[in-house]
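Student: I have a structure open and would like to go through it bit by bit. Can we start with the side chains?

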Amino acid sequence: MQSLFNVMGLSNKPIIVIYGGTFNPIHNGHIVPAIESAKSINAEKLIYLPCHIPPHKDTPSVNSLHRLEMTKLALQDINDEQLTIEISDYETQLTSPSYTRKTIEYFAKSYPQHHLYFLIGMDSLLSFHLWFKWQEILSFCDLLVMQRPGVSFSKSQLCEELRPYLNSQITITSVTEVDISSSQIKAMYNQSNNKSLKELSLLPTSVQHYINTHNLYK
């Protein structure tokens, strides 16, 4: 685990990493890499943020309350002396699409004594300049970017507007590769392939039980 591009000296403020996503469902690829990323910049807290209605994606097939509960179950038994892990229901309480610009301002006001990072994947970094008011997002936080399996990175791939931030507000960190997606897991459930899910250890057992109990992804 190592940083490829680092900010010019980390802030003296305690660091909080915010990790947003649909988590539909949350799986091991959302857990190990995120924890490693937060630790790579000595964060004191990692906040998981299940969204309600993502603005640029289809509405999730499973409602936000189920996804919030699965996130809680997936993380409830993780004890780490170096890192506090929390789950926020801020976006699941919204009745409108979840824009990062609004959300990150909320957290900046909630934690004025902290240095905030928003955790994203490499694919999201390459399209970050298309996000709603992305410059304003960077006025409230820095970006922490996970290098994901199968996605290589070259500075030339980044739009010119974002390149200067590699030396100031973007940290790219290399994490353990967990090559799995929520789409693959949903496809397995749709095919009633629960045996493969268990054998491959793709998601926590507590989440598997919750999905089966509530008959999700069928």
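Student: Is cysteine 51 buried or exposed?

Tutor: This is a predicted model. In it, cysteine 51 has a relative accessible area of 7%, so it is buried, as the limit is under 20%.

Student: And cysteine 159, buried or exposed?

Tutor: Cysteine 159 is buried, at 16%.

Student: How many disulfides are there, then?

Tutor: The count is 0 disulfides.

Student: Which strand does S5 pair with?

Tutor: Strand S2, residues 15-21, runs parallel to S5 and is joined to it by 5 bridges. Isoleucine 15 stands opposite histidine 115 there. S5 also pairs with strand S6, residues 142-147, in the parallel sense over 5 bridges. In that pairing, glycine 121 is opposite methionine 146.

Student: What about the largest nonpolar core? Which residues touch the most other members?

Tutor: That core has 36 residues, and those touching the most other members are Val17, Tyr19, Ile26, Leu46, Tyr48, Met70 and Ile211. Elements that give two or more residues to this core include S2, S5, S6 and helix H2 (64-75). H2 gives the most, with 4 residues.

Student: What does methionine 70 touch?

Tutor: Leaving out residues up to four places away in sequence, methionine 70 touches Pro25, Ile26, Val62, Val207, Tyr210, Ile211, Leu216 and Tyr217. Apart from this core lies another, of 29 residues, with Tyr111, Ile137, Leu138 and Phe153 among them.

Student: Now charges. How many salt bridges?

Tutor: There are 5 salt bridges. One of them joins lysine 45 and glutamate 86, with the closest N and O atoms 3.2 Å apart.

Student: Where do those two lie?

Tutor: Lysine 45 is in strand S3 and glutamate 86 is in strand S4 (residues 84-87), so the pair ties together parts 41 residues apart in sequence. Lysine 45 is buried at 14%, whereas glutamate 86 is partly exposed at 30%.

Student: Which residue does arginine 101 meet in a salt bridge?

Tutor: Arginine 101 meets glutamate 105, at 2.7 Å from N to O. Both are in helix H3 (residues 100-110), 4 residues apart, which is about one turn of the helix. Glutamate 105 also forms a salt bridge with lysine 109, at 3.2 Å. Lysine 109 is exposed, with a relative accessible area of 59%. Salt bridges with shared partners join Arg101, Glu105, Lys109 and Glu136 into one network.

Student: Last topic, rings. How many aromatic pairs are there?

Tutor: The structure has 13 aromatic pairs. In one of them, the rings of tyrosine 106 and phenylalanine 107 have centres 5.1 Å apart and planes at 80°, so the pair is edge-to-face, the class for angles over 60 degrees. Tyrosine 106 is partly exposed at 37%, while phenylalanine 107 is buried at 3%.

Student: What kind of pair do phenylalanine 128 and tryptophan 131 form?

Tutor: Phenylalanine 128 and tryptophan 131 form a tilted pair, 4.9 Å centre to centre with 55° between the planes. Phenylalanine 128 is buried, at 0% relative accessibility. Phe128 and Trp131 also belong to one aromatic cluster with Phe118, Trp134 and Tyr165.

Terms used
Residues are numbered from 1 along each chain as its sequence is written. This is a predicted model: local features need pLDDT of at least 70, side-chain atom pairs count only at pLDDT 80 or more; totals for chains, interfaces and linings use all residues. Side-chain values use heavy atoms; hydrogens and water are left out. Rings of Phe, Tyr and Trp (its six-membered ring) pair if their centres lie within 6.5 Å; planes under 30 degrees apart count as stacked, over 60 as edge-to-face and the rest as tilted. Buried means under 20% relative accessible area, exposed over 50%, partly exposed in between (1.4 Å probe, protein chains only). A disulfide is a pair of cysteine sulfur atoms within 2.5 Å. Two strands pair if DSSP finds at least two bridges between them. A nonpolar core is a set of buried Ala, Val, Leu, Ile, Met, Phe, Trp, Tyr and Cys residues joined through side-chain atoms within 4.5 Å. Contact means heavy atoms within 4.5 Å. A salt bridge is a side-chain nitrogen of Lys or Arg within 4 Å of a carboxyl oxygen of Asp or Glu.
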